[in-house]
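Dear colleague,

Please find the structure below, handed over for your reference. My notes on what was found in it follow.

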Amino acid sequence: MPPTIPALDPTAPHLTDVLPSCIAALGGAANRLELRPVDRAVVVLVDGLGAAALRANSGHARHLAARLTKRARIASGFPTTTAAALASLTTGVSPGTHGLVGYTAYVPSADAVKNQLTGWGPAMQPDTWQAQPTLFEQASAAGIGCSAIGAPRYTSSGFTHAVLRGAHYVAGKSIADRFAAARAVLDSAAATSSKALVYVYIPELDMAAHASGWQSDKFTAALETVDAETEAFALKLRQGEGMLLTADHGMLDIPATSHVLFDENPALVRGVAHVAGDPRCLQLHVAGGSGPKEAERQAMIAELLAAWREAEGERAWVLSGDEAVEAGWFGAVLPGIRSRIGDVIVAARKNIAYYDSRTTPAAKRTMIGQHGSWSDDELYVPLLGFGAFERP
């Protein structure tokens, strides 16, 4: 194993603490984030808004940036990718427990790699592939009304069912529409003196960053909208209402000149049956085997690991899957989840992205904003408080 590898600080709060703390605050109980007791709580998830990007764009997001103190940021989790992070947010457990271990992941029953946001089907059913109870289910059982507000296209998706079940889904086309829907939910709960937990999802910044980069005009324009709409909504918060704004990951801009076509080195694909994960966090699966063949498979893993460390050890953390699990990268890993995690994990350290040009030709390598690995820009996200949740 490399002498120094990254890890989450177990003493610090993480994305998994956000909803449990809100639910505790709704019950007037102590919580990890030290939130004050409330009757109604809102969590806004701005996809792709890293703390570093917010700080760098403070002039375009003066309301949000003014709240970005040293205390107002948390670590997302590993891998720093939407499917894993959102599932961690809404279940309160790590990828090794909820099972969404990357942007794409190996599905053993299908012997294939599936997209964890869109690849739902017979081999990957929402209720069984992500079998952990969501925090919305738990809150609903405790008498708290739960609503999830997002874009119309996500209303009935497999991913929505996997990570948002237990919440009533409300569609809002624009960012303004979603905040208006959140205010309506809060008003309805207030009218009946009911407890309410509201989740608002904003994907526009992530989409702009992937297409054009987080330093682009498109990203800046989307951030300005988020800043204005969040401030307008915050001004409407009433007594007993608190809001937190956070994100699932940050971004790095990766130019095409920084793409590493790893299949051009035969040693880096020898024995590889499946490539999963993200371009900045590969999960390589070696061909399966059982009985006597398992020894051969382990030898292939060792050979592949050595080849990657020799070729890319200066630019990436290269661990075996077992080493990554032992290091706690995926948190506590349930036995049924281990086979979804790669045999070799390649997490980029430098400003690069890894591609297999045989399956991802140049025409498909157009994404500029990227994430998935351990850099501070990817890992750390804001945690901004408003209303009763305003953080000193």
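**Helix pairs and helix α9**

Helices α10 and α11 are roughly antiparallel to each other (angles over 145 degrees count as roughly antiparallel, under 35 as roughly parallel, 65 to 115 as roughly perpendicular and the rest as oblique). The model is a predicted one, in which local features need pLDDT of at least 70 and side-chain atom pairs count only at pLDDT 80 or more, while totals for chains, interfaces and linings use all residues. Residues are numbered from 1 along each chain as its sequence is written, and side-chain values use heavy atoms, with hydrogens and water left out.

The angle between α10 (residues 204-212) and α11 (residues 217-234) is about 170°, and their axes lie 8 Å apart. Axes here are lines fitted to C-alpha atoms, for helices over the stretch in contact, and angles run from 0 to 180 degrees between N-to-C directions. Helices (H or I, at least four residues) and strands (E, at least two) are DSSP runs, numbered from the N terminus. On the α10 side the contact (heavy atoms within 4.5 Å) is made by E204, L205, A208, A209 and S212, and on the α11 side by K218, F219, A222, L223 and V226. By class, this contact has 7 nonpolar, 1 polar and 2 charged residues. Ala, Val, Leu, Ile, Met, Phe, Trp, Tyr, Cys and Pro count as nonpolar, Asp, Glu, Lys and Arg as charged, and the others, Gly among them, as polar.

Helix α9 (residues 175-191) has 17 residues, which should span 24 Å at 1.5 Å a residue; its end C-alpha atoms are 25 Å apart, which agrees. The expected span is 1.5 Å times one less than the number of residues. The buried residues of α9 are I175, R178, F179, A181, A182, R183, V185, L186 and A189. Buried means under 20% relative accessible area, exposed over 50%, and partly exposed in between (1.4 Å probe, protein chains only).

**Helix α4 and its surroundings**

In helix α4 (residues 82-91), 10 of its 10 residues are buried, so the helix is mostly covered. These buried residues pack against α1 (18-26), β1 (40-46), α5 (95-98), α7 (135-141), α8 (158-164) and β7 (196-202). Just after α4, G92 takes a positive phi of about 75°. In the loop between β2 (73-75) and α4 lies P79, which is joined to F78 by a cis peptide bond with omega of about -10°.

**Salt bridges**

A salt bridge is a side-chain nitrogen of Lys or Arg within 4 Å of a carboxyl oxygen of Asp or Glu. By this rule the count comes to 19 salt bridges.

- R270 pairs with E303, with the closest N and O atoms 3.8 Å apart. R270 is in the loop between β10 (259-261) and β11 (272-278) and E303 in helix α12 (residues 292-312), 33 residues apart. R270 is partly exposed at 46% relative accessible area, and E303 is partly exposed at 45%.
- R309 pairs with E323, the closest N and O atoms being 2.7 Å apart. R309 lies in α12 and E323 in helix α13 (residues 321-326), so the pair ties together parts that are 14 residues apart in sequence. R309 is partly exposed at 27% relative accessibility, whereas E323 is buried at 14%.
- R338 and D322 meet at 2.8 Å, N to O. R338 is in the loop between α13 and β14 (344-348) and D322 in α13, 16 residues apart.

Most residues other than glycine have a negative phi, and most peptide bonds are trans. D111, in the loop between β3 (104-107) and β4 (112-115), has a positive phi near 50°. S193, in the loop between α9 and β7, has a positive phi of about 55° although it is not a glycine. S193 is exposed at 70% relative accessible area, whereas D111 is partly exposed at 47%.

Y380 belongs to strand β17 (residues 380-382) and is partly exposed, at 23% relative accessibility. Leaving aside neighbours within four places in sequence, Y380 is in contact with G50, A51, R73, I74 and A75.

With kind regards
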